[in-house]
Amino acid sequence: MPEKFDVIIVGAGPAGTSCAFVCAKNGLNVLLIERGEYPGSKNVMGGVLYRKQMEELIPEFWKEAPLERPVIEQRFWMMDKESVVQFGYKGLEWGQEPYNNFTVLRAQFDQWFAQKAVEAGALLVNETVVTECLVEDGKVVGVRTDRPDGDVFADVVVLADGVNSLLGKQLGFHKEFRPDEVALTVMEVINLSKDKINERFNLSENQGCTIEIFGDSTKGNLGTAFLYTNKDSLNIGVGTTLSSMIKAKLKPYELLDYLKTHPMVKPFLEGGESAEYLAHLIPEGGYRSVPKVAGNGVVVVGDAAQLVNAIHREGSNMAMASGKMAAETIILAKHEGDFSESSLNRYREELYGSFIMKDLEKYKDATHVFEKYPQYLRDYVPMVNRAASKFFTVDGTPKKDKQKEIMRSVTGEKGTIRVLKDIYRAWKAVK
Amino acid sequence: MSTNNIEEKQYLLRFKCDTKSHLTVLDHDICMTQCPDKLCTVFCPAEVYKWEGLRMQVGYEGCHECGSCRIGCPYQNIKWEYPKGGHGIVFRLA
């Protein structure tokens, strides 16, 4: 008699572990399968973990979880070759309970989180690849693993298998993704002493800062870069849609080195020592790329369901929230003994009624618009930099004349109509 | 020291290599005759793919398992699987 569980969860990232944690806490018999040596060993994140969705799983997690720094300042840079226009927000309220978000190192955080699911009663099996879902009479009944005698059965299988979700593809829930639906991102962890970090970012003990960098950080291609502070290291990374990378024939690691040696960035990293280099895809297709998320005996959560809000750099929080919603549906389904698609569709309804799908819907055109019209990062960022330089340089020109000159240079380059069109298009995409 | 090329970056990483490749170029003739740019050799973040004049060399040992080559190959010419459980790249930090 092969082994049977109430629920098998494929992938011990934030989505899968959240689902496992909630299911196990509610008495379900849970198998959590991870292909890496340990949870987190295959996972990559720029590094911002939001408090809200994590707290809904483990109240006051910040008292015991391996976190780096609470973020008290978020900066946004529009960067040109030798200049930057910046804005941001720094608030001490973010430095105290209940906090807004934290920088984390995922290989450590994911292990801790998975251990919480284990303590709640889930069985975690590492070093195991799920090669396919087992389907009988149109219903997912279990999974096949790469272990000998590796078939395992369950009432429900949760696909938390990440951005590539080969299992979702196997079930026909989504087609192969297009290069414009994913962002290829590379990053480095650079060791730097706590004192140097605090000095360079103007921080005190246990305060963190994040900088999002647009414009020349991607050489004007559709994407962003980031620089985040850990306790005694920095995460610096850059990504663009895979389609932009292909079109511009960019080597991602050369783009990263370009960023690291950029005159606006280099002083932050001076004297630092590279500790790790990581590459990963981010699902950025948004609302329209979300696959089918519930079927007979199966649900899809987290990156596997493409739940990422690229504009607001939210992903792991959506993964956690979706994992929790899936768990709640599964618990109810277990209670009713009904694991059909119509029963599990409650998860879909929850998801579409939540902030996750509402936010993805709000930005459903953003990536496509900015991909199709590259002028925003390519032309307007340098233009804004030139305007700021002109405006703030004291050269005896009256301010009124300066303003006129700036307006003329903006509309002169592109024509008033085109500029207005561009503004309207961008506003429509993010409104 | 901060790295400044891909060899130095890859050197920072820990891999538990499988003996068999999880990446397979299905038809090397397609690379030769239809793909002048050999795009995978450009965008792969770990420089796994190297064109050797007649065939594509696949250094799967250094793969980050990101999936870009599977999605980005214009001819769907790369069979992409996960390495055996517990094998492949082992991220220790982020």
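Residues count from 1 along each chain as its sequence is written, while chains are lettered from A and ligands numbered from 1 in the order in which they are written. Because the model is predicted, local features need pLDDT of at least 70 and side-chain atom pairs count only at pLDDT 80 or more, but totals for chains, interfaces and linings use all residues.

**View 1. Chain A is assigned three domains: domain 1, domain 2 and domain 3.**
Domain 1 takes in 4–68 + 104–175 + 286–362. Domain 2 covers 180–283, and domain 3 covers 367–430. These bounds come from an automatic or database domain assignment. Between the C-alpha centres of domain 1 and domain 3 of chain A lie 43 Å.

**View 2. Strand E1 (residues 4–10) of chain A is largely enclosed by the rest of the structure.**
Helices (H or I, at least four residues) and strands (E, at least two) are DSSP runs, numbered from the N terminus. Six of the seven residues of E1(A) are buried. A residue is buried if 20 or more other C-beta atoms lie within 10 Å of its own, exposed if 12 or fewer, and partly exposed in between; C-beta atoms are placed from the backbone. Two strands pair if DSSP finds at least two bridges between them. E1(A) pairs with strand E10 (residues 151–159) of chain A in the parallel sense, over six bridges. There, Ile9(A) has Val158(A) as its bridge partner. E1(A) also runs parallel to strand E2 (residues 30–33) of chain A, joined by four bridges. Ile8(A) has Leu31(A) as its bridge partner in E2(A). From E1(A) the chain passes through helix H1 (residues 14–25) of chain A to E2(A), a right-handed β-α-β crossover. Right-handed means that, with the strands pointing away from the viewer, the path from the first strand over the helix to the second runs clockwise.

**View 3. Seven strands of chain A form an open sheet with mixed pairing.**
The order is E5-E4-E12-E13-E14-E11-E15. Strand E5 (84–90) and strand E15 (273–283) stand at the edges; each has a single partner strand, so one side of each lacks a neighbour in the sheet. Strand E12 (residues 208–215) and strand E13 (residues 223–229) of chain A run antiparallel, joined by four bridges. Thr210(A) has Tyr228(A) as its bridge partner in E13(A).

**View 4. Asn191(A) sits in strand E11 (residues 182–191) of chain A.**
With 16 C-beta neighbours inside 10 Å, Asn191(A) counts as partly exposed. Ser233(A) is 42 residues from Asn191(A) in sequence, yet their C-alpha atoms are 4.1 Å apart. Leaving aside neighbours within four places in sequence, the contacts of Asn191(A) include Asp232(A), Ser233(A) and Gly272(A). Two residues are in contact if their C-beta atoms, placed from the backbone, lie within 7 Å.

**View 5. Leu124(A) is found in strand E7 (residues 123–125) of chain A.**
Leu124(A) counts as partly exposed, with 19 C-beta neighbours inside 10 Å. Not counting residues up to four places away in sequence, Leu124(A) touches several residues, among them Ala12(A), Leu32(A) and Ala114(A).

**View 6. Chain B meets chain A.**
Here 32 residues of chain B are in contact with 50 residues of chain A. On the chain B side, the elements giving two or more residues are helix H1 (6–11), helix H3 (39–43), helix H4 (68–72) and strand E6 (88–90) of chain B.
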